[in-house]
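Work through the exercises below with the sequence and the 3D view at hand. Try each task before reading its solution.

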Amino acid sequence: MAKLSSGANTRVSYCAETVPGTVNASPAFISIPTIEFTNDVTTEQVRSKARQADRMLRWSRSGNKSASAKLSVEYAPEVHDYYLSTVMRSDWVNDVLKIGVKEFSTTFVVAQEDQTPVSYQTSIGMQAARAEFTNGEADYTTLNIDYVGIDGQVSTVSPGTPTNAPNIEPFYQGQGVMRIDGVVVGYITNFNHSIDDALAAKMAMFRNTARGITAGMVAVTGSFSATFENLTLTQKWINNTPVELEIDFVSGDGTKKHTHRIPKALLMSRSLPGNTDGVLDESFTFEALYDETDESVFTITRDYQ
């Protein structure tokens, strides 16, 4: 009887590519814990359009090929610093990360270690297209990243032996702090924000994989809910007045911190349920605008004690 594969025995590893779209000659893979990782390779089907007297198809083959992936992790300091660079498309400078234009390309390997021989699914030329941070009450923060890639391969030969990422407790919302216009607030019930790099794969003749991946205009958007205590935020929404949003993500042991800062968030919509018993929550959506002082629409600052 065949042995059934279990997700508990799946190892996900990554390596930054020196040449985008090419697995390094001696890849230094790093293994990370994940909530979920799905990788797919899709191909367009090329079918003959020629009519036949017997009405039967003669020719068909696979056409252009593309790769995609979705990574879901419990957001942690150090462990995911590289991932943040790939999403923001820039390097950390003096422990600060801003929106940039640098291209980051990554190889992912999914190893099914309970199979004999072990199977390896490799995703090549993967670039972060969109990232979302999801925060709830007294929970670990979740980081979800969508990827667009060049190619995918399967093999029973290991592309490289991974080392384990540092074992660091994720950011815990029971430890965090949020500020609106510089004032600490304690009435936020959830806060979610995302970065969308508007990636597009460019195809060309004489090959069935993309020549490269380009980024468009970045969009930083989000939403939050707060207990309805006064009209301060509502008036800013009505008056089209941007607000400054900052949230401190603090690790469970309290020693490491990331500060996400949106210096100029324009409140786009507001809702307040009027037929609910108990405490009322008002909800807002927002979009980040460029700030001349920060020179970015969004920054991340790290502080490791």
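For sorting residues by class, Ala, Val, Leu, Ile, Met, Phe, Trp, Tyr, Cys and Pro count as nonpolar, Asp, Glu, Lys and Arg as charged, and the others, Gly among them, as polar. The model used here is predicted.

**Exercise 1.** List the residues that line the largest cavity, and sort them by class.

Solution. 
- Step 1: The structure holds one cavity of 30 Å³ or more, and the space in the largest cavity is about 30 Å³.
- Step 2: Its lining is made of Phe-191, His-193, Leu-245, Glu-246, Ile-247, His-260 and Ile-262.
- Step 3: Strand S13 (188-196), strand S17 (243-250) and strand S18 (256-271) each give two or more residues to this lining. S17 gives the most, with three residues.
- Step 4: Sorted by class, the lining has four nonpolar, two polar and one charged residues.

**Exercise 2.** Find the strands that pair with S11, and state the sense of each pairing.

Solution. 
- Step 1: Strand S11 (residues 177-180) pairs with S17 in the antiparallel sense, over four bridges. Val-177 has Asp-248 of S17 as its bridge partner.
- Step 2: S11 is also joined to strand S12 (residues 183-185) by three bridges, and these two run antiparallel. Here the bridge partner of Met-178 is Val-185.
- Step 3: Two residues lie between the strands in the hairpin of S11 and S12, where Asp-181 takes a positive phi near 55°.

**Exercise 3.** Which two residues touch the most other members of the largest nonpolar core?

Solution. 
- Step 1: The core has 52 residues, and Tyr-147 and Leu-245 touch the most other members. Helix H1 (residues 81-88) supplies the largest share of this core, five residues.
- Step 2: Leaving aside neighbours within four places in sequence, the contacts of Tyr-147 include Ala-67, Leu-71, Tyr-83, Phe-108 and Met-126.

**Exercise 4.** Is Asn-94 buried or exposed, and what is the class of Ala-198?

Solution. 
- Step 1: Most residues other than glycine have a negative phi, and most peptide bonds are trans.
- Step 2: Asn-94 has a positive phi of about 55° and is found in the loop between H1 and strand S5 (96-98). Exposed means over 50% relative accessible area, so Asn-94, at 73%, counts as exposed.
- Step 3: Ala-198 has a phi near 50° and lies in the loop between S13 and strand S14 (200-202). Its relative accessible area is 39%, so Ala-198 is partly exposed.
- Step 4: The peptide bond from Thr-116 to Pro-117 is cis, with omega near -5°. Pro-117 is in the loop between strand S6 (106-112) and strand S7 (119-135).

Definitions and conventions:
Residues are numbered from 1 along each chain as its sequence is written. This is a predicted model: local features need pLDDT of at least 70, side-chain atom pairs count only at pLDDT 80 or more; totals for chains, interfaces and linings use all residues. Side-chain values use heavy atoms; hydrogens and water are left out. On a 1 Å grid over the protein atoms alone, a cavity is a set of points where a 1.4 Å probe fits but cannot get out, and a pocket is an open set with protein on both sides within 12 Å along at least five of seven lines; lining residues have an atom within 4 Å of a point. Grid points are joined across faces, edges and corners, and a volume is the space filled by probe spheres set on the points. Two strands pair if DSSP finds at least two bridges between them. A nonpolar core is a set of buried Ala, Val, Leu, Ile, Met, Phe, Trp, Tyr and Cys residues joined through side-chain atoms within 4.5 Å. Buried means under 20% relative accessible area, exposed over 50%, partly exposed in between (1.4 Å probe, protein chains only). Contact means heavy atoms within 4.5 Å.
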